[in-house]
Amino acid sequence: MCWQRHGAHLLRRFRFPTKRRIPITQLAGGRTITHGPCKMTDQVKYLDTPDKSETDKKLYKTLLLGNGLHALIVSDPTPMPHDGFTTSESSSGKSVECESISSTETSSSDSSITSSSDSGSSAESGSEEGDEKLAACALMIDYGSFGEPEKYQGLAHFLEHMIFMGSEKYPEENIFDAHIKKCGGFSNANTDCEETLFYFEVAEKHLESSLDYFTALMKAPLMKQEAMQRERSAVDSEFQQIAQDDETRRDQLLASLATKGFPHGTFAWGNMKSLKENVDDGELHKVLHEIRKEHYGANRMYVCLQARLPIEELESLVVRHFAEIPHNDVQSPDLSQFNYRNAFRPEFHEQAFFVKPVENECKLELTWVLPNVRQYYRSKPDQFLSYLLGYEGRGSLCAYLRRRLWALHLIAGIEENGFDTNTMYALFNVCIYLTDEGFKNLDDVLAATFAYVKLFADCGSMKEVYEEQQRIEDTGFRFQAQRPAFDNVQELVLNTKHFPPKDILTGKELYYEYNEEHLKELVGHLNEMKFNLMVTSRNKYEGISTYDQTEEWFGTEYATIPMPEKWRKLWEDSKPLPELSLPEPNKFVTDDFTLFWHSACKPELPAAPKKLLKTDTCELWFRQDDKFELPEAHMYFYFISPLQRQSPKKDAMCTLYEELVKFHVCEELYPAISAGLSYTFNTFEKGLLLKVSGYNEKLHLIVEAIAEGMLHVADTLDEKMLAAFRKNLRKTIFNNLIKPKSLNRDVRLCVLEQIRWLSIDKYKCLNDITLEDLREFSRQFPKELYIQALIQGNYTEESAHNVLNSVLSRLNCQAIKEQRYVQDRTIQLPLGTNVIRCYALNEQDTNTVITNFYQIGPNSVRVESILDLMMMFVDEPLFDQLRTKEQLGYHVGATVRINYGIAGYTIMVNSQETKTTANYVEGRIEVFRAKMLQILRQMPQDEYEHNRDSLIKLKLVADMALSSEMARNWDEIINEDYLFDRRRRQIEILHTLQKSDIINFLMEIDLKNLRKLSVQVIGHRPADMPEPLPGSHLVSDDEDKAEDANEAEEDESETEKDDQEDEEEVDSSEEADDEDLFLTLENKLNVVFLPPVGNENAILDINEFKKGLDVYPKRQSQYEKEDPSRADRIEDALAEA
């Protein structure tokens, strides 16, 4: 979901054939040509070329095909390698080392896991201009859930799923997806309210074949009736995944308030209830095909294609593959008949809503219904008001509330999803995340909010503030970084629909012109008391005795009362508050865009970062940018401390300290975020990690402010502050642990790492932290540190030294004395299988998450290359067997894991205890793993080589932005490997790997070195439900009655995202307060580790289990060593097996 709402974490982007449709012949401008023999569908009309930024080297062309399909073609002029596996350095003369910098570990499908925390690294890619890039295509259809029949809610989403079930040309189900995966690519689709989007990326070599498979689905999809039940189950799975997401539940609650007959009152997700109950399958199948033929016409389609091919060749591809898609005369649904002022029933704004959340959160939301704001895209009054209301610097509403500890976070604006932004209306939302004190002082919070909203109507002209934002946006567009083609085509294809051709690239980015009339119109809307007021909290507001209403589809519990008269009076009598004002001029706005590499006459620079400094308290690495040529820099600082690993209490205090430092500087630094800079400051594995990026001129000011905050925050602490932040952290831990996937990961890493505390242990310590404890920790943390730093981009060595010196001079830290607390060590699992089980903490949660981890041993480039290739081979068979055929869970996956230099891999399945047992699922995982050797042995040699070559191409994919190069270099530094040319080494090894090498590797592990940990977080069945029989969950056409409408298969959501299965709290009592909930959470985890089943080795106490185990020795840096390490010897032995 895209956001344009402004808040504390705002980040800027560095940014069948029939007669022709009549409007095609009525378009003004352009010229028409034909390709080859003159056919109606070959005619092409050229539209205006989009305006672009001066740093954008890509070529663009907009087309209108004869069948009415709109196309945007994006040609990347970057040179292509002369063959599939030769990088540009072989022809440019640059050193081999310059070309391929890599992260610690890779995976065929997931983001790389580079540390023991399994944090996903950025896209792994080669780093040299001219290396491989992935091509991408996005197809948007002007049809979504607003157009579906009321009888079949969720049909648009269901149709999106069914499209993939084979075509007349390629009848096998999921053949397109299988082809994409085999070629090292990825595909997905999503359905919104007015659009359905299909998109994929693939190596350029396979672009044409992929387009052939893809467009066959659009020309003549099969959508057989026998496939309906499986995909209906998949749609239901997606619903179950988000069924506990509070934001989605809020949207559906608002949808239930839609005026009768308005299209946004639908249930867009769909589930078994909407698509199966009282539904005749034959009739549904017929309607499905009718809808597809009516609304999936080429005249309702927009495509964006990007590749590193000549623009004429891309045009030929578009014409060849898309011109024969059938079109018709059906227009998109006309929503102009629906007036935005009548979009919701009167109770939308006449009643106050009090909602019981799933997560433990407390928030106040005000939501106004505005006209369609896309008509104002040139002046963007909605975005400007989002900026003003979401501002968090001095004089802002957020600062006012924070100073009183009534709120810690605020966001404002219009979300970029189809429910909030469409051709009928736009929902402008102000969301304030309240503390307990804020909830108690809700009247005062509302009074301040009303005063701030009314400020914009009474403050006179805001042109000066607008023009500053206009300049910032102009600069952001001028120097926007390249995005991967996969991301680019998804955004641009939507822009192709919503903006004129000339403004496709600029329409969302620029403030073209200040328009006082447009701004006054929207300010006028915000100054009407016709907003929806919603309070979401576990604590009941005065006068609310029970949540006596339930939303139909998600089961959200809520209560309503007439808008309190005291709140109406607060609005009517609202007076200005002296602390509230418009933003001051922004001192962080960049003026100097000098490129230092250009000023130095573009010297040859080494490809890897250079170590400028190493002492007993710090190390500094630096690389000046000579590739992306933008006035930006990135600075990463890892403040490593021995305190965090000393006890769970100190670990918890480290998180509190981090939050308080950010609180200390938030007013000062928010203008920097508004000006195009960004920073994150977070607790990491053994300290705090600061990441700063943006225009380089004033970037150092953020670093200095954070250092000052680290040093002085102790002096600002008081009891109220401690209570507010302690409670906030408890909520955070609670909300994380009720997610089965997060709990599974927490347990797994606690078993594997020598020193790591369970999250529940950290929670238990929170109540014991006194003000003096926290003050002492805050004073001690800066005194004893080791700082790892990397600075890259438009910077000089001297300036890099100066930035680090400014930190050192402020903190004046000494060397770490107890090194054992900062050494990263991994437990060596015993031979055989060990199991650790616990129940999901929410007794209403049916979801089971099973992760089988197989530990290999010390990592090396060869070992990780073998694992990467192995994942490439098993990814599609794993999905086909466990997800499609056995239907164990919608989300299955295999991933390479590198934990502190120790290699392994996981196989994970999300299932449900209502459909099959955890024990059965774990057994099926093992049956599949046993077949991995058979899969490899039976694989034809040409298929093996195809997969291997696809992986090599993926490892040759070029960096699109400085951020990805920075992230990979940083991984090498914090993991102390320093293999900045890792990708080149991997490619060299992959070229030599034979199928027999992989087979021997697997055999050696299974026969001599099988070290397995099975982590099982088990969901709950209703008390009266018997244990499912093995295999009873399988869906067949004559067993539809056996399908449970509450089946909760996990969605295969994008791998960089965290699990979103946020379930109900453990406590079943509505009257329980937060303290009871947290005590229940503690107790559940204290007693939850389950005894063995049969003769298995079950872990009942993690600390006791780890006591008797060996710890892998601290690995020697591969950057500094000369002699073969243990990792090399193990790797060689495996290779020779």
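Predicted model: local features only at pLDDT ≥ 70, side-chain atom pairs only at ≥ 80, totals over all residues.

1. Overall composition. The chain has 1137 residues, of which 64% are buried. It contains 36 helices and 27 strands. Its accessible surface comes to about 41,600 Å², and carbon and sulfur atoms account for 48% of that area.

2. The seven-stranded sheet. An open sheet is formed by seven strands with mixed pairing, in the order β11-β12-β10-β13-β9-β15-β14. The edges are held by β11 (407-413) and β14; each has a single partner strand, so one side of each is left without a neighbour in the sheet. β11 runs antiparallel to β12 (residues 426-434), and six bridges join the two strands. Within this pairing, A412 has V430 of β12 as its bridge partner.

3. Helices on the sheet. Helix α6 (residues 246-255) packs on the sheet and touches β9 (351-355), β10 (363-370), β12, β13 and β15 (557-562). The direction of α6 makes about 145 degrees with that of β13. Helix α11 (residues 381-390) also packs on the sheet, where it touches β11 and β12. The direction of α11 makes about 170 degrees with that of β11.

4. Nonpolar cores. The largest nonpolar core has 156 residues; the members that touch the most other members are L364, I432, L533, F637, F639, F781 and I787. Helix α20 (residues 648-674) gives the most to this core, contributing 13 residues. Another core, of 60 residues, lies apart from it and includes F176, V202, M228 and Y296. Returning to L364, its contacts beyond four places in sequence are V430, C431, I432, L434, L442, V445, L446, L533, M534 and V535. One of these contacts, V430, is the bridge partner of A412 noted above.

5. How many of the eight residues of helix α3 (residues 175-182) are buried? Seven are, and the helix is accordingly described as mostly covered. The buried residues are I175, F176, D177, A178, H179, I180 and K181. F176 is also among the members of the 60-residue core. The cover over the buried residues of α3 includes β6 (186-191), β7 (196-203), α4 (207-219) and α27 (861-885). Just after the helix, G184 takes a positive phi of about 75 degrees.

6. Positive phi at residues other than glycine. Most residues other than glycine have a negative phi. N174 is not a glycine, yet has a positive phi of about 60 degrees. N174 is found in the loop between α2 (155-163) and α3. With a relative accessibility of 19%, N174 counts as buried, because the cut-off for burial is under 20%. Y900, also not a glycine, has a positive phi of about 50 degrees. Y900 lies in the loop between β24 (891-899) and β25 (902-912), and its relative accessibility of 5% places it among the buried residues.

7. Leaving aside residues up to four places away in sequence, I544 touches F354, A559 and I561. The C-alpha atoms of I544 and A559 are 7.3 Å apart in space, and the two residues are 15 apart in sequence.

Notes: Residues numbered from 1 in each chain as written. Heavy atoms only, no water. Buried < 20%, exposed > 50% of the residue type's maximum accessible area, 1.4 Å probe, protein only. Helix = DSSP H or I, 4+ residues; strand = E, 2+ residues; numbered from the N terminus. Contact = heavy atoms within 4.5 Å. Core = buried A, V, L, I, M, F, W, Y, C linked by side-chain atoms within 4.5 Å. Pairing = 2+ DSSP bridges. Axes fitted to C-alpha atoms, helices over the stretch in contact; angles between N-to-C directions. Areas by Shrake-Rupley, 256 points an atom, 1.4 Å probe, with all protein chains shown as cover.
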